[in-house]
Amino acid sequence: MSDTASPGGFPYRLVATDLDGTLLRSDDTVSQRTRDALAAATAAGAAHIVVTGRAVPWTRHILDDLGYQGLAVCGQGAQVYDAGAHRLLTSVTLDRQLAGVALAKIEAEVGPLHLAASRDGLDGEVLVGPGYAVQGTLPATPFTDASDLWTAPLNKLYIQHPTLSDDELCEAATRTAGGFVTVTMAGAGIVELLPLGLTKATGLSLAARRLGMKAADTIAFGDMPNDIPMFAWASYGVAMADAHEELKAVADEVTSSHDEDGIAVVLERLLG
């Protein structure tokens with residue numbers, strides 16, 4: 001627990017929340033109870049920061065709907081975004097040559113992959129290749145020629161395999177290409193190749209520094225293995241009830257599910 005509690009008695013100065021499977025319910029909305037709990041935490045002096053694997057173009061509409069004016073960490077830590085100013089403050093891009101080598105090594109191990117790619121920038125498109133299944137109804141641009149992937153800066157690649165599970169694909173990709181890219185799993189059907197060394201903790205530490213806060217000030221909420229570095233960085237990590245077992249194993253606490261207001265349950269207790 002932080003030694004520098006917020007002035008209102010809330011024991012943390014920074015509340016970091018993942019989006020999908022954590023802040024968002026299954027219908028992609030944020031419950032009024034969770035909104036109220038976050039508002040009470042901020043009224044007690046804490047800052048709320050969204051930390052998501054989604055790049056800015058797939059995040060901005062959610063933040064706008066929440067009336068969110070603060071910093072957000074997007075793109076798995078690659079982007080620090082000022083939601084109030086609609087401005088990208090920092091951005092890390094994927095080395096496309098290393099990514100190409102990584103893909104070749106993974107495919108040599110497991111066979112052909114279905115691919116998608118997130119282009120860098122405030123309005124970067126997500127390109128989706130044949131066979132790749134986009135989760136939900138997020139906007140994407142189809143491509144058929146793989147060379148189209150490499151024509152503009154990218155913040156990540158997405159990979160899927162026709163038969164391997166997400167866990168199996170993530171393990172194989174890490175084993176064969178982990179020296180070239182960071183491999184992470186962000187949700188069902190979402191295995192990503194990122195700039196080497198990049199994690200949510202990277203972006204969160206940058207954003208926290210801008211706010212004058214530290215790891216010791218931070219409580220973090222998440223549900224997937226891509227949240228493990230964020231939990232390791234933060235003072236206290238809370239996994240949702242339906243979180244991946246790898247995250248539960250390193251969490252300080254397991255709360256209710258994202259559909260049962262798991263964030264609010266913890267915040268209400270801490271607020272007393």
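Predicted model: local features only at pLDDT ≥ 70, side-chain atom pairs only at ≥ 80, totals over all residues.

User: What makes the span of H2 close to the expected one?

Analyst: H2 has 12 residues and reaches 16 Å from its first C-alpha to its last. At 1.5 Å a residue the expected value is 16 Å, and the span of H2 is close to that.

User: Which residues of H2 are called buried, and why are they said to lie on the same side?

Analyst: Buried requires under 20% relative accessible area, and Thr 34, Ala 37, Leu 38 and Ala 41 of H2 are buried. They cover an arc of only 95 degrees around the axis, so they sit on the same side of H2. In general, residues three or four places apart in an α-helix point the same way, because there are 3.6 residues a turn. The face turned away from the buried side carries Gln 32 and Ala 43, which are exposed.

User: What do the buried residues of H2 pack against?

Analyst: Their partners are strand E1 (14-17), helix H1 (19-23), strand E2 (47-51) and helix H9.

User: How do you describe the packing of H2 with H9?

Analyst: Their axes are 9 Å apart and form an angle of about 35 degrees, and H2 passes H9 in a left-handed crossing. Among the residues making the contact are Ala 37 and Leu 38 of H2 and Val 265 and Leu 267 of H9. The contact residues divide into nine nonpolar, one polar and two charged.

User: What follows H2?

Analyst: Gly 45 does, with a positive phi near 110 degrees.

Methods:
Residues numbered from 1 in each chain as written. Heavy atoms only, no water. Axes fitted to C-alpha atoms, helices over the stretch in contact; angles between N-to-C directions. Helix = DSSP H or I, 4+ residues; strand = E, 2+ residues; numbered from the N terminus. Left-handed = near helix turned anticlockwise from the far one by under 90°. Contact = heavy atoms within 4.5 Å. Nonpolar A, V, L, I, M, F, W, Y, C, P; charged D, E, K, R; others polar. Expected span 1.5 Å × (residues − 1). Buried < 20%, exposed > 50% of the residue type's maximum accessible area, 1.4 Å probe, protein only. Arc of directions from axis to C-beta.
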